[in-house]
Amino acid sequence: MELGKYMKVSKLETGRDSEEDGSDLEGLLHPQDGAVSRPTKARRWNLSTVLHWIAHGITIILILGLYVRSDRQTQKRTPLSIYSPLVEAVGDASRIETFKGTFWENSPYHGPPTDEVMAAWKHIAHIPLLNLTAEEISRMGHSLDSVQYPPERGGGYVAQFEAIHQLHCLHSLWQDHQYQKHPEMFPDLTESIHAFPDVSEEHYEHCVNMLRQRLMCTPDPNFVTWRWVEGITGPYADFNIPHVCQDYEALLEWGQSRAVDAEVIRDFYSLVAPADAVVLSHAP
């Protein structure tokens with residue numbers, strides 16, 4: 001077999017030109033062409049495959065990179081939240097509401113302190129004492145050493161709405177202002193100021209500080225614009241701005257469902273800590 005192969009090569013080299021020789025040449029060249037071209041083609045295919053998978057790898061890396069970046073941005077945009085049984089019960093009760101900020105515009109809470117105005121303030125700023133469970137207290141991050149109602153009064157943890165406490169503080173500032181002009185409308189305040197002048201002054205500062213922190217904690221992202229108004233010299237601020245507001249009445253309604261009755265809170269500030277109570281060394 002090897003001899004025949006070399007004989008065909010020798011015919012080619014002798015220069016004989018015949019059909020037989022041509023057939024022999026075809027038989028010689030085709031196998032040799034195939035032997036040369038197949039490895040070359042295989043090498044091209046391997047290079048193409050490598051480039052193909054490199055492109056896929058780069059694409060996957062880019063997709064993963066974009067996903068991680070998007071996930072981090074989403075985490076940054078996700079607001080922090082604290083558990084509240086109110087939010088769990090009421091859900092998202094938000095709506096668009098335009099603040100009423102025009103000067104001299106009347107409202108149910110606008111002085112002087114008539115009986116109707118006083119009743120309106122009492123409706124939104126009266127602080128009821130609520131009864132919360134140990135699970136609710138724990139999920140909110142409060143200590144289980146917090147004050148509880150005595151067992152003979154039903155037990156449960158003492159709580160009140162922070163939102164109503166803040167409105168109570170605002171009402172106290174409004175009340176202090178109106179007291180200067182209408183002391184007869186605030187007999188309890190008169191008694192408190194005379195009996196505990198230092199406490200009354202500190203309560204005023206406490207309320208200013210609580211409202212300051214509340215406003216700084218949730219700075220309003222809206223903007224005040226100015227308008228030209230006939231009869232008014234210079235630009236006039238437009239404080240009637242749309243806001244996303246929660247349903248405050250829903251808060252009051254839920255609070256009433258968890259409020260304790262008068263018998264439970266009877267002599268509340270006269271309650272004595274039980275023998276196994278955890279007592280703090282200083283006021284929180």
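In which helix is the place of Gln-178? Gln-178 has its place in helix 6, where helices (H or I, at least four residues) and strands (E, at least two) are DSSP runs numbered from the N terminus. The model is predicted, so that local features need pLDDT of at least 70 and side-chain atom pairs count only at pLDDT 80 or more, whereas totals for chains, interfaces and linings use all residues. Residues are numbered from 1 along each chain as its sequence is written, and side-chain values use heavy atoms, with hydrogens and water left out.

Gln-178 is buried, its relative accessible area being 6%; buried stands for under 20% relative accessible area, exposed for over 50%, and partly exposed for what lies in between (1.4 Å probe, protein chains only). Leaving aside neighbours within four places in sequence, Gln-178 is in contact (heavy atoms within 4.5 Å) with Gly-111, Pro-112, Pro-113 and Phe-186.

**Aromatic pairs**

Rings of Phe, Tyr and Trp (its six-membered ring) pair if their centres lie within 6.5 Å, and planes under 30 degrees apart count as stacked, over 60 as edge-to-face and the rest as tilted. By this rule there are seven aromatic pairs, among them the two edge-to-face pairs in the table.

| Pair | Centre to centre | Between the planes |
|---|---|---|
| Tyr-109 and Trp-121 | 5.5 Å | 65° |
| Trp-174 and Phe-186 | 6.4 Å | 75° |

Tyr-109 counts as partly exposed because its relative accessibility is 31%, while Trp-121, at 6%, counts as buried.

The pair of Trp-174 and Phe-186 likewise links distant parts of the chain, twelve residues apart: Trp-174 belongs to helix 6 (residues 162-181), and Phe-186 to the loop between helix 6 and helix 7 (187-195). Trp-174 is buried at 12% relative accessibility, and Phe-186 is buried with a relative accessible area of 3%. Tyr-109, Trp-121, Trp-174, Tyr-179 and Phe-186 form one aromatic cluster.

**Helix 4**

The buried residues in helix 4 are Val-117, Ala-120, Trp-121, Ile-124 and Ala-125. Seen down the helix axis, the buried residues of helix 4 fall within an arc of 110°, taken from the directions from the axis to the C-beta atoms, so they line one face of the helix. On the other side of helix 4, Asp-115, Glu-116 and Lys-122 are exposed. Helix 6 and helix 9 (248-258) are included in what covers the buried residues of helix 4.
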